[in-house]
Amino acid sequence: MSDRPATQPESAGSDHLSVRVDAALKRGAVVLTPNLRTARRLSAHFDDARRAEGTLAWQPANVLSWTAWTASLWQSALIAGSETRVLLNDLQERAVWQRVLQQDAAQSLRPLTSQAKLCSAALRLLGAFDIEDRFGRMNLQADLSDAATFAGWYRQFSNLCSDEGLLPNSYLDIEIAGLLRNRRATVVAEYLLYGFDRLTPAQRAVADSLQQVGASLQHVEPAREQMTSPTLLACGSPDDELRACSAWAREALTGGKRVAIIAPDLETARPELERALRSAVAPALADVTAPIHSAPYEFSTGRPLSQVGMVADALRLLRWCAGSIAIPDAGAILCSPYLSMAPTPERGAELDASVLREASATLLRAQVSLAEATAILARSDAGTATALRGVASAARTLEDSRNSYAFFADESRKLLQRAGWPGRQERSSTEYQAVDRWEEALDRLSTLDLLGARTTFAAFLDDLTDILRETLFAPENRGAPIQVMSVTEAAGSTADVLWFLHADDATWPPRRAMHPLLPSALQRALGMPGSETDRDENEAREATMRCVRSSATTIFSYAASGPEGHRRPSPFVEAMPGIVFESAAVNEAVATPALVKPVEDLISLPSLPDGVAAGGVSVLTAQAQCGFRAFAQGRLFVRELETLDAGLSARDRGEQVHTALQAFWETVKTQAELLRISKVDTNGARERDTLLQVCIEKAFANTPANQWDEAYLQVQRERLFKLLSSWLDVECQRPPFVVLHTELQVPGAQVGPLRMDMRVDRIDRVGSEEEGTAASVLIDYKTGVAERKDWIGERLEAPQLPVYAIAGGIDDVRGIAFGSVRVQKDGMKFDEMAERAGMIGPATRTKRDLPFDERMEEWRRDLQRLAEAYANGEAAVDPKDHLITCKHCAARPICRLDLTQLEPDDDLTEEEDEAPAW
């Protein structure tokens with residue numbers, strides 16, 4: 001059963017250790033802390049106190065975290081010969097579990113690595129609570145439960161460790177207690193346990209052994225004199241709570257106070273909390289062009305080492321050496337400042353956006369190998385291709401070979417060194433620490449060789465990835481005035497003022513569960529976490545009071561409402577003696593500093609070169625959607641990186657439709673010919689089908705594929721054949737027509753002050769020359785959603801065909817139409833706007849419209865207005881329909897429009913925002 005130590009509250013000053021603790025350290029006492037964070041803080045304060053005394057040299061403070069202390073005792077026992085067993089680290093311990101589980105893999109449906117982690121967690125509980133090995137003596141042979149299965153594994157694991165002279169780290173405390181009792185470990189005269197909420201039974205056994213051999217042991221709880229009663233603050237929403245906390249922290253910081261912010265769910269709450277703090281107390285960090293500033297806050301909980309930029313890039317490169325990786329990951333390697341694949345990160349970004357992504361679209365896979373990337377980039381940047389080729393050559397020797405973990409760790413270092421990692425730039429302190437943690441991860445992985453493991457490079461990287469994900473990286477504490485901690489990490493810390501976030505009944509106390517592999521009766525008897533609600537609540541209540549005692553002023557806060565509904569305060573806080581209840585009234589102007597300053601824009605806009613609009617008709621489309629979007633795309637050249645997915649993209653499929661239909665109509669020419677070849681012969685075949693297959697092959701001619709890709713492409717050919725066959729059936733139902741042009745290039749068309757190049761999908765001649773009804777009609781194939789309403793209004797949604805009609809220099813245009821070559825509810829069809837109904841597609845009842853001549857004049861006015869607005873640089877942030885216009889806009893990061901302040905368009909249907917589909 002875990003014990004609450006009999007503590008003596010110790011008042012700690014704001015800048016120095018308490019007199020008693022400081023005196024004990026000077027006498028040579030060992031101070032043990034529950035975590036490394038507190039140990040480092042006490043050591044730093046001890047050194048500061050000696051400097052303040054004017055001392056020039058002194059013995060370092062003997063302050064250790066509990067785990068560091070027990071590990072040092074075991075190391076000393078090994079050196080002295082008192083012990084010969086090898087202490088396993090957590091990684092080696094899991095590897096031993098995997099060896100046991102491999103012999104009994106049929107017992108579980110879990111993956112082997114996942115099951116090994118679960119077994120290790122159960123062993124940690126047994127090592128901390130079952131000091132008499134009651135579980136090992138239980139008879140569970142007749143039981144069919146998971147606990148009985150684990151008992152068998154546990155016996156095999158224990159026997160294997162005994163036979164090979166191994167000691168699981170989970171049992172270190174129990175073994176240290178034995179060493180102390182038998183006087184086979186060196187002890188000092190005095191020990192202080194500083195900041196422990198509770199001791200586990202194994203820790204209590206160690207403490208008892210210390211006292212048995214004559215060492216003095218004292219429990220010290222850091223505490224502050226209470227200046228005010230604790231406050232429970234009810235906030236309206238989670239955002240209100242964060243704003244209130246960050247505004248309070250800024251005010252406390254201004255007053256020169258040491259601030260502690262505690263969040264019981266810090267791992268998940270960190271991103272939002274960090275954003276709020278940065279906005280309130282460190283706005284300079286938001287300016288990427290400003291000099292680097294140290295944040296006035298620090299988080300005790302780090303992020304996975306695999307998410308640290310330089311480590312993530314190193315892992316990406318090693319993955320690339322082992323095989324294909326995602327194209328965005330390959331681009332990240334080219335852009336990385338920590339690698340030297342490209343001459344500069346800027347050049348790498350250019351190669352990623354304009355070369356690698358575009359060329360990789362032909363691979364039909366969202367992945368690329370080193371060899372493929374080298375071939376793609378060789379045409380654009382020989383230096384980068386040479387660098388990639390060198391790394392690929394060095395990695396080739398690692399393919400399909402089995403070797404030790406230490407061998408692959410060394411080879412990984414060599415590959416990274418060849419790639420220029422960790423970069424030529426001067427490293428910051430945080431980056432130095434990240435490199436050290438990376439090296440530690442490789443060294444930890446190499447310790448698996450102790451167990452005789454042999455592996456492949458790919459499996460080595462899988463294990464390395466797991467380690468990096470499990471390793472939390474937090475730079476060494478700099479002593480920032482604002483410390484953000486979890487409840488556990490806060491043990492042993494003091495502050496002038498403390499804010500406890502998320503003190504609601506759903507978050508605090510935390511809900512614990514029993515371990516699934518251990519008997520529930522045993523867990524309750526030993527007092528393991530999650531076995532009894534009352535015990536867990538008592539521990540949480542004590543931790544709550546410890547937080548109050550560690551600060552002169554304490555505020556608890558919670559959000560009264562959240563996404564899941566109404567919230568209530570934590571019952572522990574609500575029932576606290578002397579608690580003061582308040583409601584938060586957050587002043588937005590106070591919570592967020594005024595950072596926006598008006599600046600007069602005196603820079604004149606350069607005119608367009610020769611009036612040519614880069615991007616053609618698309619600039620008018622963008623101007624109609626939003627002036628700022630058009631300006632960003634056409635003047636600032638903002639582009640969104642192309643999204644790469646496996647298989648053909650929507651754009652690729654659309655181009656295949658255009659290419660196949662162009663080849664078809666260049667052969668067929670007229671509807672009469674279409675009707676002739678559509679007839680079924682005596683063998684049940686159609687000449688049209690044969691020709692269409694040939695045209696489809698032309699559309700796929702430039703799509704290289706290996707054997708596996710070819711199966712996918714064959715399915716796409718079959719789908720395209722069915723799609724176009726259905727479309728040609730629609731063409732058969734039209735009035736007679738002659739195809740004059742397909743994919744016609746129209747250079748230098750003039751619209752207002754703009755000149756633009758255009759390409760018309762198709763021009764048909766309809767009607768009768770003899771009867772004087774002959775006219776030209778323009779057709780634009782659409783594989784996505786497009787309707788005739790897109791041609792109506794001052795801000796045309798789809799101005800292409802209107803532009804072709806008024807500025808393309810095409811004679812006698814009397815109609816335009818979308819050819820919807822896509823599967824839809826009402827079938828394939830023409831959406832037309834023409835001089836008379838049924839002029840282009842099958843005659844259908846349509847809404848009344850303006851005469852075509854008047855519509856042409858309206859287009860001319862509206863398009864000229866859009867062209868003039870674009871040429872004049874009118875860049876108002878005014879989306880036509882924000883639900884559609886802003887959804888895929890690449891300029892969103894710089895326009896900074898708050899969409900939550902815009903009213904939704906109730907008339908918008910889901911179908912109008914569909915992606916191209918067929």
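Start by selecting Cys335. Cys335 is partly exposed, with a relative accessible area of 24%. Keep in mind that this is a predicted model.

Next, pick Cys321. Its relative accessible area is 8%, so Cys321 counts as buried, because the cut-off for buried is under 20%. While you have cysteines on screen, look for disulfides: the structure holds 0.

Now go to strand β8, residues 231-235. Is this strand enclosed or open to the outside? Of its 5 residues, 5 are buried, so β8 is largely enclosed by the rest of the structure.

Show the side chains of β8. In a regular strand, side chains alternate between the two faces of the sheet. Here Thr231, Leu233 and Cys235 point one way. Leu232 and Ala234 point the other way. Residues on both sides are buried.

Select strand β19, residues 551-559: 5 bridges join it to β8, and the two run parallel. Find Cys235 again; its bridge partner in β19 is Ala559. Then select strand β22, residues 580-583. β22 also runs parallel to β8, joined by 4 bridges. Thr231 has Val580 as its bridge partner in β22.

Last stop: two helices. Select α24 (residues 618-625) and α25 (residues 627-634). They pack at an angle of about 145°, and their axes are 5 Å apart. Which residues make the contact? From α24, show Val619, Ala622, Gln623 and Gln625. From α25, show Gly627, Arg629, Ala630 and Gln633. Colour this set by type: 3 are nonpolar, 4 polar and 1 charged.

Methods: Residues are numbered from 1 along each chain as its sequence is written. This is a predicted model: local features need pLDDT of at least 70, side-chain atom pairs count only at pLDDT 80 or more; totals for chains, interfaces and linings use all residues. Side-chain values use heavy atoms; hydrogens and water are left out. Axes are lines fitted to C-alpha atoms, for helices over the stretch in contact, and angles run from 0 to 180 degrees between N-to-C directions. Contact means heavy atoms within 4.5 Å. Ala, Val, Leu, Ile, Met, Phe, Trp, Tyr, Cys and Pro count as nonpolar, Asp, Glu, Lys and Arg as charged, and the others, Gly among them, as polar. Buried means under 20% relative accessible area, exposed over 50%, partly exposed in between (1.4 Å probe, protein chains only). Two strands pair if DSSP finds at least two bridges between them. A disulfide is a pair of cysteine sulfur atoms within 2.5 Å.
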